[in-house]
Every structure is written in C-alpha cells, then in structure tokens.
Amino acid sequence: MENGQKINCTVSTCRYNNKNEKKCMLESIQVSPTAETNTKLPDESMCASYKYEK
C-alpha cells in the first residue's frame, strides 16, 4: 500500500480479512454511506468492498 498504510479489519466473515493479522488483504477499499443514517458516528459508513467468505 502507498506510504505503508494498512487497512485493519476484524470482520471475520469477510473473504479479504487476514484473520491472523487482522488486516484487509485488498490494496484499497470502497467506503459507502449507509442508507438514511445521520448520526455523525461510524455507523454512517460501511465497507462496500465486503465479500462474504463461503
């Protein structure tokens, strides 16, 4: 990743999560707003790059 940045992740059901290191294996992620939310808290956004690990 550019500038040595990392994407930390603890979502165990995501196929891109390296569960041992608790980090996302993607080069980048897409962050999207959640519907009808205006709390000014983290729940206003979500990782749109999420894929369920089957």
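Reader: Where does S49 sit in the chain?
Author: S49 lies in the segment after β4 (45-47); strands are DSSP runs of E of at least two residues, helices runs of H or I of at least four, numbered from the N terminus. This is a predicted model, in which local features need pLDDT of at least 70, side-chain atom pairs count only at pLDDT 80 or more, and totals for chains, interfaces and linings use all residues. Residues are numbered from 1 along each chain as its sequence is written, and side-chain values use heavy atoms, with hydrogens and water left out.

Reader: Is S49 buried or exposed?
Author: S49 counts as buried because its relative accessibility is 15%; buried means under 20% relative accessible area, exposed over 50%, and partly exposed in between (1.4 Å probe, protein chains only).

Reader: Which residues does S49 touch?
Author: Leaving out residues up to four places away in sequence, S49 touches Y16, L26, S28, I29 and Q30, where contact means heavy atoms within 4.5 Å. For Q30, the side chain of S49 reaches the backbone nitrogen at 2.7 Å.

Reader: Changing topic, where is V11?
Author: V11 is placed in the segment before β1 (17-18). V11 is partly exposed, with a relative accessible area of 40%.

Reader: And overall, how many helices and strands are there?
Author: The protein chain has 0 helices and 4 strands, in the order β-β-β-β from the N terminus.

Reader: What share of the residues is buried?
Author: Of the 54 residues in the protein chain, 15% are buried. The C-alpha trace spans about 35 × 30 × 15 Å along its principal axes.

Notes:
A polar contact is a pair of N or O atoms within 3.5 Å; within protein, one must be able to donate a hydrogen and the other to accept it, and residues adjacent in sequence count only if both atoms are side-chain atoms.
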